[in-house]
Amino acid sequence: MATSGSVAASGDLIVDNLVSSCGNVSNFARPAGHFVERNRSFHAASLGMRSREQNKSHGVHGYFIFGVTHMGSNVGGHLGRRYNTSSSMCYSDGGVPDGVLKETSHDETITSLAIEVDGKGVHGKTLKLLSGSSYLPHPDKEETGGEDAHFICVDEQVIGVADGVGGWADVGVNAGLYSRSLMSNSVEAIQGEPKDGIDPARVLAKAHLATKARGSSTACIIALKHEGLHAINLGDSGFVVIRDGCTIFQSPVQQHDFNFTYQLATGNEGDQPSSGQVFKIPVAVGDVIVAGTDGLFDNLYNNEVTALVVQGVRSRVSPEVMAKSIAELARVKALDRKRQSPFSTAAQEAGFRYHGGKLDDITVLVSFVTGSTDE
């Protein structure tokens with residue numbers, strides 16, 4: 001779990017150069033405070049902004065359990081992989097929560113990132129996401145379904161992923177309950193949004209307000225709109241956008257300290273949704289979005305992910321098959337104790353003696369940006 005360098009900032013952040021395999025985004029803000037995940041204790045963080053040097057590699061999270069359709073039916077399996085491209089459905093990790101979602105204030109500053117992309121335009125095209133996912137829970141957590149959660153809303157063109165903080169298990173709390181509830185509440189919030197005006201930041205704020213389970217979680221929600229991707233990311237889940245074999249964008253990780261990720265919790269106990277970073281990213285037909293949890297990005301370098309995407313595109317595989325191949329390689333690398341990994345690099349930069357991969361829940365969502373010519 002490593003991150004780009006950061007300096008204190010407020011308001012919108014504009015990045016002129018895209019993240020690529022040759023460089024990292026810098027100058028991202030971090031709130032003060034910390035969550036001592038290393039000692040498995042949980043502390044509320046303040047929302048003050050401060051400058052702090054961060055590591056240079058990146059991490060991410062994810063998970064998937066139940067399917068929630070517009071008709072309210074469930075599609076089974078804690079450990080199943082779900083893939084859908086045509087029916088009017090939202091796949092999620094939990095059932096629709098009880099209670100009514102309430103609006104929440106957005107008076108607090110939301111750190112955002114806007115980038116300009118040179119390349120294929122989107123004029124004359126109606127963009128769509130064709131999405132699939134794969135989830136591999138930690139071998140020791142299979143019976144409880146693991147701690148990651150994710151959803152795919154096909155009609156609404158929105159995907160999301162969350163990673164429950166495992167330290168809660170030490171106080172008898174299933175760390176997956178919060179992430180699953182958060183993603184389920186996100187699905188409900190999405191279905192209450194105007195079809196052409198889904199705001200991931202507003203969705204996350206509503207979901208956070210409605211989530212009452214004990215625990216805490218990272219969160220990443222990505223929506224496709226006419227002008228491109230709109231996304232919010234809080235913590236060390238995240239996503240990359242790959243075009244023509246090159247990574248044109250990679251979301252930065254938010255950590256209070258090494259392995260102490262930003263995280264949402266019930267009420268005011270953790271970071272707030274307004275601490276998440278908001279992104280607006282123009283995309284084009286043929287782009288591939290890979291989202292996931294730190295089980296993916298702690299174990300695979302960006303060039304390894306990109307190579308699998310290129311191989312999958314050439315072989316014309318489905319998003320689900322591509323997600324499966326990426327998740328399986330991440331698991332292989334996680335079990336390799338002799339290999340230098342993104343996580344071990346970050347640990348060493350933080351002053352720890354660590355080598356090899358990091359065994360964890362692994363969630364991967366892959367979305368192909370497709371399009372048809374407007375009449």
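This is a predicted model: local features need pLDDT of at least 70, side-chain atom pairs count only at pLDDT 80 or more; totals for chains, interfaces and linings use all residues.
Two strands count as paired if DSSP finds at least two bridges between them. Strands (E, at least two residues) and helices (H or I, at least four) are DSSP runs, numbered from the N terminus. Residues are numbered from 1 along each chain as its sequence is written, and side-chain values use heavy atoms, with hydrogens and water left out.

**Strand β12 and its partners**

- A hairpin of two residues links β12 to β13, and Ile221 has Ile232 in β13 as its bridge partner.
- β10 also pairs with β12, running antiparallel through four bridges; here Val158 sits opposite Ala223 of β12.
- Seven of the seven residues of β12 are buried, so the strand is largely enclosed by the rest of the structure. Buried means under 20% relative accessible area, exposed means over 50%, and partly exposed is in between (1.4 Å probe, protein chains only).
- Both faces of β12 are covered, with Ala219, Ile221, Ala223 and Lys225 buried on one side and Cys220, Ile222 and Leu224 buried on the other.

**Nonpolar cores**

- A nonpolar core is a set of buried Ala, Val, Leu, Ile, Met, Phe, Trp, Tyr and Cys residues joined through side-chain atoms within 4.5 Å.
- The largest one has 24 residues, and the members touching the most others are Phe151, Val158, Leu182, Ile190, Leu204, Ile221 and Leu264.
- At least two residues of this core come from each of β9, β10, α1 (175-191), α2 (200-210), β12 (219-225) and β13 (228-234). Helix α1 gives the most, with six residues.
- Apart from that core lies another, of 22 residues, including Val154, Val161, Val283 and Leu365.

**Helix α6**

- Six of the eight residues of α6 (residues 342-349) are buried, so this helix is largely enclosed by the rest of the structure.
- The buried ones are Pro342, Phe343, Ser344, Thr345, Ala346 and Ala347. They pack against α3 (294-297), with contact meaning heavy atoms within 4.5 Å.
- Just after α6 comes Gly351, which takes a positive phi of about 100 degrees.

**Loops with a positive phi**

- Most residues other than glycine have a negative phi.
- Gln157 isn't a glycine, yet has a positive phi of about 60 degrees. Its place is the loop between β9 (148-153) and β10 (158-163), and at 10% relative accessibility Gln157 counts as buried.
- Asp244, also not a glycine, has a positive phi near 50 degrees. You'll find Asp244 in the loop between β14 (238-243) and β15 (246-250), where this residue is exposed, with a relative accessible area of 67%.

**A buried histidine, and the cysteines**

- His256 belongs to strand β16 (residues 255-257) and counts as buried at 0% relative accessibility.
- The side chains of His256 and Asp271 are joined by a polar contact of 2.9 Å. A polar contact is a pair of N or O atoms within 3.5 Å; within protein, one must be able to donate a hydrogen and the other to accept it, and residues adjacent in sequence count only if both atoms are side-chain atoms.
- Searching the whole structure turns up zero disulfides (pairs of cysteine sulfur atoms within 2.5 Å).
- Cys220 is buried, with a relative accessible area of 1%, whereas Cys246 is partly exposed at 30%.
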